[in-house]
Amino acid sequence: MAGKVGRSLRTFSHMKGLPVYEQKTGKIVGKISDICFTSHGKVQGFAVESKGWFVRHRYLPFSAVQAVGTDGVIIKDAACLQPFSSFQTGYSLYSERGIAGKPVITADGKKLGLLEDVYFHGQLGIIGGYEITDGFFADLTEGKKRIAAAPFTAGEEAIIVNTTM
């Protein structure tokens with residue numbers, strides 16, 4: 001496989017739950033549970049859930065990922081996994097600084113819907129767009145919206161996307 005990902009752009013929901021394999025041993029060291037990124041669309045890494053005596057969330061820097069395939073993520077060594085507290089800045093979809101489910105508003109004040117997922121380019125490590133929902137019934141009749149990635153500001157109440165519609 002060339003690069004870090006088999007397909008160029010995918011939603012994170014298709015990656016969530018993938019096993020993380022350590023290349024040198026072939027062991028599964030955890031499963032992908034979240035994506036971590038900046039407000040300017042750079043993927044910083046992933047949250048990895050591993051089981052032991054307790055469920056532990058650890059941080060996998062994007063630089064340590066060797067490959068992202070349809071059936072798993074390959075890392076060279078489990079030693080690259082860090083405590084999740086080492087993820088200091090940026091956002092995630094579901095974890096402590098998670099922004100999934102927040103209203104998305106354009107810079108000119110138009111509400112687009114709620115953030116549901118992100119599209120990302122695994123080989124380049126960038127967010128390529130956002131998946132927006134208007135709710136279950138609207139998604140069934142109209143489909144979900146996809147908007148191109150743009151820098152954003154995320155607050156407690158909403159995400160302001162630096163674009164106009």
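I checked two phenylalanines, and both phenylalanine 84 and phenylalanine 87 are buried (under 20% relative accessible area; exposed is over 50%, partly exposed in between, with a 1.4 Å probe and protein chains only). This is a predicted model, where local features need pLDDT of at least 70, side-chain atom pairs count only at pLDDT 80 or more, and totals for chains, interfaces and linings use all residues. Residues are numbered from 1 along each chain as its sequence is written, and side-chain values use heavy atoms, with hydrogens and water left out.

Next I searched the whole structure for aromatic pairs and got 9 (rings of Phe, Tyr and Trp, the last by its six-membered ring, with centres within 6.5 Å; planes under 30 degrees apart are stacked, over 60 edge-to-face, the rest tilted). I looked at phenylalanine 12 and tyrosine 94, a tilted pair at 6.4 Å centre to centre and 45° between the planes. Their positions are 82 residues apart, so I noted that the pair links distant parts of the chain.

Is phenylalanine 12 buried or exposed? I found phenylalanine 12 buried, at 0% relative accessible area, while tyrosine 94 is partly exposed at 39%.

I also noted one aromatic cluster, made of Phe37, Tyr91, Tyr130 and Phe152.

**Charges over rings**

I saw the charged end of lysine 16 over the ring of tyrosine 94, 4.1 Å from its centre (NZ of Lys or CZ of Arg within 6 Å of the ring centre and within 35 degrees of the ring normal). Arginine 146 lies over the face of tyrosine 119, at 4.1 Å from the ring centre.

Notes: Helix = DSSP H or I, 4+ residues; strand = E, 2+ residues; numbered from the N terminus.
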